[in-house]
Amino acid sequence: MWHIITMVFPYAIAYTIPMLVTALGGLYSERSGVTNLGLEGLMLVGYFASAITIKFTESVSYAAALPLGLLAAVIAGALFSLLHAFASINLKADQVISGTAINMLASALTVYLARTIAGSGNVRIMMGIVRKNIPVLSKIPVLGPLFFSQSYWSTWVCLLIWALSWILLYKTSFGLRLRACGEHPSAVASAGISVHAMRYFGVIMSGALAGLGGGVILITYSGEFNGSVAGLGFLSIAALIFGQWKPLGILGATFFFGIATTIANVSQVIPQLGVVPPVLFKVFPYVVTLLALVAFSKKSAAPKASGEPF
Amino acid sequence: MSKKPKQKKEFKSNDFLIALSAVVLGLIAGAVLMAAIGSNPFEGFLYLFRGGLMNIERIGNTLATATTLMLVGLSVAFAFKTGLFNIGASGQMLVGGLCATLVAHHVFLPRPLYLVVLILSALLGGALWGVIPGFLKAKFNVHEVVATIMMNWIAYWSVYYFVPAYLKGPSLETESASIAVTQSLRTEWLTKMFHGSYVNLGIFVAIVAVIIVKFILDKTTLGFELKAVGSNRFCAEYAGIKVNRNVVVSMMIAGGLAGLAGLTFYTGYARNMQIGVMPSQGFDGIAVALLGASNPVGVLFSSLFFGMLQSGKGFMNAMTSVPPEIADTIIATIIYFTATSVLFKKFWDGVARKMTIRREKEVAAQEAQDAKDAQTVAGRLAEPSSGPDVSLHPSRESIGPVSGGTDGKEVK
């Protein structure tokens, strides 16, 4: 059993990380007061941008291609999210419709561009990140094989971003202002701070981080852009809700969902895990999110002004 | 002054104008994208429209594509009327389609009876998937957008594992076994009439649904209550309307309509279910409803338009180098522009205001002229010695400096 766990664990982490950064992006946006249902599309944009960038740079320098791809994913996600920011902040549009439009636009436009630029709807890169054992830490008993063996460097970058985001959102005055924009924007405005600027920051961060999530999918377990992130963006939204709009909560929720997804995926290969039908693991995140919404319906932790134009 | 409100009414931007602006901008965006990859947009659009309407068979295919979109559009529009956003039409389609596919595989009855069972199964499947978010909204105040998204993915993964386990096709793991043509919605006379296209009995289901939904919304107490809840739920509650019950009913009917869309798609347009595909029609339906201004008749026409775009894209791709995703891009752009419709509203209201002001100026100038004429006439009558030349001079002088003054301001 221990052997199976150590085998499966790195995959669970690999599934968790893109969801974690994307949900973190959603956290920035929701906390600033803008509902972002376009995370799936923004992820897809990052997925595509990194694939194209890596495809055209990997022949020049393999070492530089992957970080460059991630950077492209971040920039592309941030730029694409401006569409949502403009609609929901300046024009006070319906944020749900705008987010849906972002999703549809991303899934059509990325494949359109992939077909035009790369000649096919699928863009394959030569090589993703090579998994490595971390020198000293992987020798620690129990924790070593679970967390520090066979890990991607991108995992540590993303966890660092998560930690920094927590500090930014909860330990600085800037973070307090951003969160206040999602709770009581008029109070922020009366303190002489631009609510619009804060919300722009929130939405752009959500785009950048969701784009990063898409890029991470590509260079860790996917290796190929195929025009869909298979609902991972929506799963991130579920994790955001299940994690009750808190950094630690989303870390736990995404990890929980990551394990469930991994078990469902590998249950055909590993018979010991096949006792429970995999469909239960796949629908589990969505069901528990619905249950969480029901359970917390009396005392919702959602940002009060989220989704309301200012 | 009394003319002012009348003129405002005359020029006010309406839903249709806004929707039309969104469509035009969406098509322009499509043209820009085609030009960006070095294709001729005019040629692209020509082939796109020809692909949808070139001959009887293609018109049939456009109708078949529009059938599904019409029902999804109705579903979204119906929920909109009650102030709910049904973003879960995809999941409701999947469940409705799954129920219909199961019936098609296992139920063998005389044709008319069979069709009733088939339609009812899809209706109930979709309604079940819609009523759950409705119940959660009514009972626990769970936002229906989040709930329907979750339901979408629950349906997606359920179908993903259900189809290979119970409806496995002979060749591929990723799709269900095809149902017999005689068990599908296709009928010989309709297929023959449209030279072998995909058009099927679903089109009649959709048209009947349009009529029924229009009847419910316009002529029944239920429709009145649903609309009242949609326009102001507190006011409706105060008037004694059971808001929660109406929310549940609305989501149930919306789900049922989307379930019927699944029926027309999986047992009419196609004859099997592919796994791992979230039906994009569920989201295209949002565009259909928005463009149709949530009006059943509007939905009918906008679904035909989007059906044409979707059905012509393959032909366009074959004839030009434009990828077929251009149609989806155009639809997504139209949704985005509908969401940001406040821009067009401002624009058209601005145009209307300018026109009103110009009208008013003209009217005022006319009135001033009339007054002046009257004065001149009166002056001439009073003092016959002072001719029209004298009375005109002061007015000319007064015009001079004023216009000079405005020039100065503009320079500043």
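Hi everyone, let's start with the overall size of chain A. A compact globule of 310 residues would have a radius of gyration near 19 Å, and chain A has 19 Å, so the two agree. Please keep in mind that this is a predicted model. Along its principal axes, the C-alpha trace of chain A spans about 55 × 45 × 40 Å.

What is chain A built from? It has 12 helices and two strands. Of the 310 residues in chain A, 54% are buried. Now take the contacts in chain A with a separation of 6 or more: 77% of them link residues 24 or more positions apart.

On to chain B. How many helices and strands does chain B have? The count is 17 helices and zero strands. Buried residues make up 48% of its 412 residues. For contacts in chain B with a separation of 6 or more, residues 24 or more positions apart account for 78%.

Let me show you some helices in chain B. Helix α4(B) covers residues 56-81, which is 26 residues. At 1.5 Å a residue, α4(B) should span 38 Å, and its end C-alpha atoms are 36 Å apart, which agrees.

Helix α12(B), residues 243-269, can be checked in the same way. Its 27 residues reach 37 Å from the first C-alpha to the last, close to the 39 Å expected at 1.5 Å a residue. This helix is mostly covered, with 23 of the 27 residues buried.

Next, a pair of helices. Helix α9(B), residues 202-219, packs with helix α14(B), residues 296-319, at an angle of about 155°, and their axes are 9 Å apart. Angles over 145 degrees count as roughly antiparallel, and α9(B) and α14(B) are therefore roughly antiparallel to each other. Which residues make the contact? From α9(B) they are V210(B), V213(B) and K214(B), and from α14(B) they are P296(B), V297(B), V299(B) and L300(B). By class, that gives six nonpolar, no polar and one charged residues.

Now, where do the two chains meet? The contact takes 35 residues from chain A and 34 residues from chain B. On the chain A side, the elements giving two or more residues are α3 (62-90), α4 (95-117), α10 (232-242) and α12 (278-295). The largest share, 13 residues, comes from α4(A). Sorted by class, the chain A side has 25 nonpolar, six polar and four charged residues.

You'll find T340(B) in the loop between α15 (326-339) and α16 (342-382) of chain B. Is T340(B) buried or exposed? The cut-off for buried is 20 or more other C-beta atoms within 10 Å, and T340(B) has 24 of them, so it is buried. Leaving aside neighbours within four places in sequence, T340(B) is in contact with A87(A), L91(A) and A93(A). As for L84(B), 256 residues away along the chain, its C-alpha atom and that of T340(B) are separated by 19 Å.

Technical notes
Residues numbered from 1 in each chain as written. Chains lettered and ligands numbered in written order. Predicted model: local features only at pLDDT ≥ 70, side-chain atom pairs only at ≥ 80, totals over all residues. Helix = DSSP H or I, 4+ residues; strand = E, 2+ residues; numbered from the N terminus. Expected span 1.5 Å × (residues − 1). Contact = placed C-beta atoms within 7 Å. Nonpolar A, V, L, I, M, F, W, Y, C, P; charged D, E, K, R; others polar. Rg over C-alpha atoms; globule rule 2.2 N^0.38 Å. Buried ≥ 20, exposed ≤ 12 C-beta atoms within 10 Å, placed from the backbone. Axes fitted to C-alpha atoms, helices over the stretch in contact; angles between N-to-C directions. Parallel < 35°, antiparallel > 145°, perpendicular 65-115°, else oblique.
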